[in-house]
Amino acid sequence: MDQAANLRKLVVETRAVRRTKTIAITSGKGGVGKTSLAVGLAIALATDGSRVTLLDADLGLANVNVILGIIPKFNLYHVIKGKKKLKDIVIEVPEGIKIIAGASGFHQLANLDQKQRAEFIEAVADLGEDDYMIIDTGAGISQNVLSFVSAADEAIVVTTPEPTAITDAYGIIKSIAAQTPDKPVRLIVNRVMTVSEGKRVAQRVINIAGQFLNIKVENLGFVFDDMYVPKSIRNQKPFIVSYPKSKASICVQIIADRISNKEVEEKRGSGLANFFKQFFKSEEEEETE
Ligand SMILES: Nc1ncnc2c1ncn2[C@@H]1O[C@H](COP(=O)(O)OP(=O)(O)OP(=O)(O)O)[C@@H](O)[C@H]1O
Ligand SMILES: [Mg+2]
């Protein structure tokens, strides 16, 4: 059996065992709260009984491990270099989720040869015991970010009410629609001052996307601007844990409930191993462009 057939077999087997819903959290503009929300949502989902892995694919400043106050010894770079097995770099944190630290390793994922890719996917499939994998991506329209979005089952685009953030949110939705027109895209408006602001901004993005891109963006909800969010980053303890009754935590909890209530799509191609298969595919497409 050739490698491609092996890979397909692997993916089918993985799917038969369990489906992990992969959700990429992204934005056009940087600093809109992706990492804060990714950590908050992952913990909220886990608190409700789901098994969650948070994959840090963000090379930004306040990354997942900073927010959680952990210093990972190893990251994907070590896996790619063959120094560690994937399962050895997964960190279980007291908040009840698992973390995969990304660092610079992700740029190198594209450079794996086919055998290494197959091994990597196999290792990911081995981990595939989870209900969700949340992927915190970087901001902006880079192929790296789009690869994660393409591979994920769905994308959550984060914006704030700032006009620049809204314009950039439209930009990233446009890129997602161009690359993967069928990708479910949902929106979170972060840092709103009032409920009506949250609704107004969401409606604006949804209307523009519908009108000019002909894609249906779903409103997942809003999160209040809340001083407990930066405070928690400074304390390196997630706000959803330190301040569960804060306005931001309550909003994140509502959004997590919306995510988990929605039935996991039983469409073909769901699952962790498939996520990376798609990821590599989009990298390959880029290489051959
Ligand atoms: N709801 C909120 N209320 C108040 N401040 C917030 C809120 N959400 C995020 N912030 C603040 O915004 C800043 C950026 O947040 P975060 O690092 O999560 O954004 P990001 O989108 O991941 O950034 P990057 O694009 O650099 O990865 C942080 O200082 C954080 O405290
Ligand atoms: Mg970030």
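Predicted model: local features only at pLDDT ≥ 70, side-chain atom pairs only at ≥ 80, totals over all residues.
**Exercise 1. Contacts of I188**

Task: Leaving aside neighbours within four places in sequence, list the residues in contact with I188.

Solution: 
- Step 1. Two residues of a pair are in contact if their C-beta atoms, placed from the backbone, lie within 7 Å.
- Step 2. With those neighbours left aside, the contacts of I188 include L37, I156 and V158.
- Step 3. L220, G221, F222, V223 and I255 complete the list for I188.

**Exercise 2. Strand 2**

Task: Decide whether the residues of strand 2 are buried or exposed, and which way each points.

Solution: 
- Step 1. Strand 2 covers residues 52-57, and six of its six residues are buried.
- Step 2. V52, L54 and D56 point one way, while T53, L55 and A57 point the other way.
- Step 3. Residues pointing either way from strand 2 are all buried.

**Exercise 3. Partners of strand 2**

Task: In which sense does strand 2 pair with strand 5 and with strand 4?

Solution: 
- Step 1. With strand 5, residues 132-139, strand 2 pairs in the parallel sense over six bridges.
- Step 2. D56 has D136 of strand 5 as its bridge partner.
- Step 3. With strand 4, residues 98-100, strand 2 pairs in the parallel sense over three bridges.
- Step 4. Opposite L55 stands I100 of strand 4.

Methods: Residues numbered from 1 in each chain as written. Chains lettered and ligands numbered in written order. Buried ≥ 20, exposed ≤ 12 C-beta atoms within 10 Å, placed from the backbone. Helix = DSSP H or I, 4+ residues; strand = E, 2+ residues; numbered from the N terminus. Pairing = 2+ DSSP bridges.
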